[in-house]
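Thanks for coming. I will go through one model, strand pairing to begin with and charged pairs to finish.

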Amino acid sequence: MTTAREPLALPFTEINAGMLAEVGGKAANLGELTTAGLPVPPGCCLTTEAYHRVAEGTALKDVIAELATTEAADTATLAELAGRARALLLEAPVPDEVGEAVDDAYARLGDRVPVAVRSSATAEDLPYASFAGQQDTYLNIVGPEAVREAVRRCWASLWTDRAVAYRASNGIDHAAVRLAVVLQRMVDAEVAGVMFTANPVTGRRHEAVIDAAPGLGEAVVSGAVNPDRFVVDMASGRITERRIGDKRVSIRSLPGGGTERADLDGTQEACLTDRQVRELSELGRKVEDHYGAPQDTEWAIDAAGGLWLTQARPITTLYPLPETTRDGLRVYFSVNVAQGVMRPFTPMGLAGFKVISGGAATMAGHPPADPQDGAAIATAGGQRMFLDITAAVRSRAGRAILPRALAFGEARAGVVFRQVAEDPRLSVTTTSVRPLIRTAMRIAGRVGAPKRVALALARPQAALDYTRRLGETLEARLRIAPDATAEQRLDHAERCLRGTFPMIFSIMPVVLVGYAGFGLAGRLSGAKGDQLQAVLRSLPHNPTTEMDIELWRLATDIGADPEAAEPFRTQPVGELAVRYNGGELKAQRAIERFLARYGHRGVAEIDLGMPRWSDEPAHILGVLANYLRLDGDDVAPDAMFARGAQEAELAVRQIVSMAAAKGRWRGRLAAFGLRRTRLFGGLRELPKYYMVEVLAAVRHSMRVVGEELVAKGVLDTADDVYFLDFREVRAALGGGHLGELVAGRRASYEQEVRRRHVPRMLLSDGTEPEALAVREAAEDGALTGTPASAGTVTGPARVVLDPVGAHLEPGEILVAPSTDPGWTPLFLTAGGLVMEMGGSMSHGAVVAREYGIPAVVGVADATHQIVTGQTITVDGSAGVISIAD
């Protein structure tokens, strides 16, 4: 938000200096553009002080107080309170000095000149919320009386139902919002419309998208007309796309004031010439250069052919570009999406991930110059982690291997990769496979892959023992003396993070033996689909499954004691947390034992800045309360797991019989392969489990450092340390105060938390390749994705964006953006699973199979297209979701 600090600082705000105070987004933007010499119609602004003087004489404060205690989901109450607020402002007396200021402002523009009276709220054009269309605009207003009435209605429109709901959903304080009013000379437009200086659908920067129609721009903005559309490469002025709309509606100014809507016959002739399209594109480029960011603009062309800019605001929906110093078009793959973590990383979480990536790069023979900078391919965008996979896209070997590897864990990513590879700007430049082979051999040697594979094939129990010993070694390395200095803790943390990846990756050769046996058995027997997938049910040695079953047993023990269970059945989670932190629960020791073993886990646990369950046990307490509502032994997770293991063994025998029918040696090989699959497949989750142990230990150690920085007056709270990186923490030990830096980062982080959409892949020009792809859909309108866990279930959907505090009734179908292990306790009460992200071997798919929950993953926009309460059918074999209502 831009504010006017000095009287008459902006030509656009030339008005009674005593009334000059804060201005809203439109007023500030138009004032700046006028100063910059861009073609903005002359105007002036009645600032927020005028609104304040009118509002303070009403009971609006009482309404705002009620709004402060109303949940964003309570739309009926929000609407009722919004109506009361509007009525108060429409009925309030206007002080004489305010009325005179309105008349004076209007007189400055000319004698009874037609004007647009436009609302300009101080909350407009925020980096994460544009407020586009939330307040009202009145066009072709003529005469002082009409202008006064339009100004009053603009003030009232700060409280439209949509504006109130928008503020509530974006966490914006209703009491802090004010409204200025812009009086702008009307442009009697022959043609008008909207122009984005970046493609809002694909994300591509410096590509102007222009919608145009005859008459005032209101027809285009409101969606009343099917406009002409032009797409222009702003660098060259080349028109790359031209689509002519029928333009059957036009909104025109009426003599004497007001507007009319006229129905037209429609025409297939463009309403802009190519020259005008290029002029608009050039104007868009100038506006974007002025603000340094892509802009959403409105424009008009008058009868004399004059081009006018009537509005500019930032495009808030574009995903921020990852940081890069490399030339040329780059391709980025989202680590967050792959790991099921849609929220941003904390600054220390990003720093920790970079150090881990540096350890991985060193193992591959490409050590970074500074370990804290991480691998050369690791970068951040929108406070999330991305990997630069350009080299793989432009390599013949990479094109053959990477899409298959991506599809293994995140199905749609493989499809998007293949589409990216078709971009002529990303042609193959590396044809030799030797660099890839050298890197693979180097990694295999450093993790002892040949020895691990031989051990897994010949002595499977010894291979399992190795994975357990690795965990013990890791725990020993993570220990640090309680009296270690802050510098020693930083050194220890960086050392542990650097060594994490090489250690945990040494488990993967054992895991791959299991999945190689799975693939071999499929080839030998000819088994496919559900029959083959059934082998992966209830795999042993999966630490996440073991954790979930242990949590269920804890709930069972609590439920067997009525006194221990009573608070879980009668008290809200917040009260349970207070009692737990006070040591007052009868089940206290049992819960503490569980957290002593699994308390290092949590939601978004790959970010070391995120709280663990041991830090904030409210989530686990809520899950226990949820489990205690389950009724019936048949839905008990341990019983379900046992049934799954029996079904898996039956599937193994059937597949072995199918293979043996084609030859005895085939049967023996299939049996050998599937035994290794059952033994080692569950270890797939173990590397991440160990990595999270490392991150939790580093988190704890850094909090101790944070407490020292609080004692030195550098930070306000110990948790502020997670909003610094390791270099900054080390520098902060010398003193100073970083409260302002941390506060700014916290605010930026909270803004990013609200972002709903994170691209799987992103090009350095802003293009989101998936946005260019045709979304799959069944002919009957059903949603489609990747089959992940066989079976069919029908039930009510429950859309969950954050598992913390989520309530899932038994049998409800969980619909989520993605999941990580912090989500899996919800699986035990879910009747089915639908995920926007993931592949058949992603975490959520693996756990769903183990619990026998029908699941479909990789369903584009599932959390938008499915609404909580809708009855849906999930066919986990076909990968189809049908919506009944």
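How many bridges join β11 to strand β12? Seven, and the two strands run antiparallel, with β12 covering residues 307–314. Before going on, the ground rules. This is a predicted model, so to speak of local features I need pLDDT of at least 70, side-chain atom pairs count only at pLDDT 80 or more, and totals for chains, interfaces and linings use all residues. Residues are numbered from 1 along each chain as its sequence is written, and side-chain values use heavy atoms, with hydrogens and water left out.

Strands here are DSSP runs of E, at least two residues, and helices are runs of H or I, at least four residues, numbered from the N terminus. Two strands pair if DSSP finds at least two bridges between them.

Is β11 buried or exposed? Buried means under 20% relative accessible area, exposed over 50%, and partly exposed in between, with a 1.4 Å probe and protein chains only. Eight of the eight residues of β11, 295–302, are buried, so the strand is largely enclosed by the rest of the structure. Both faces are covered: Gln295, Thr297, Trp299 and Ile301 on one side, Asp296, Glu298, Ala300 and Asp302 on the other.

Now a helix position. Threonine 467 sits in helix α17, residues 460–478, and is buried, at 2% relative accessible area. Leaving out residues up to four places away in sequence, threonine 467 touches Ile507, Leu683, Leu686 and Tyr690, where contact means heavy atoms within 4.5 Å.

For contrast, methionine 441 in helix α15, residues 434–446, counts as exposed, at 61% relative accessibility.

Next, charged pairs. Side chains of opposite charge can pair when their charged atoms come close. A salt bridge here is a side-chain nitrogen of Lys or Arg within 4 Å of a carboxyl oxygen of Asp or Glu. By this rule the count comes to 43 salt bridges.

Arginine 153 is partly exposed at 39%, and glutamate 149 is partly exposed at 35%.

Which salt bridge partner does aspartate 765 have? Arginine 204, at 3.4 Å from N to O. This pair links distant parts of the chain, 561 residues apart: aspartate 765 is in the loop between β16 and α31, arginine 204 in the loop between β5 and β6. Aspartate 765 is buried at 15%, whereas arginine 204 is partly exposed at 22%.

Arginine 730 and glutamate 494 form another salt bridge, with closest N and O atoms 3.1 Å apart. That pair also links distant parts of the chain, helix α29 for arginine 730 and helix α18 for glutamate 494, 236 residues apart. Arginine 730 is partly exposed at 30%; glutamate 494 is buried at 9%. Finally, salt bridges that share partners join Arg204, Glu207, Asp423, Arg425 and Asp765 into one network.
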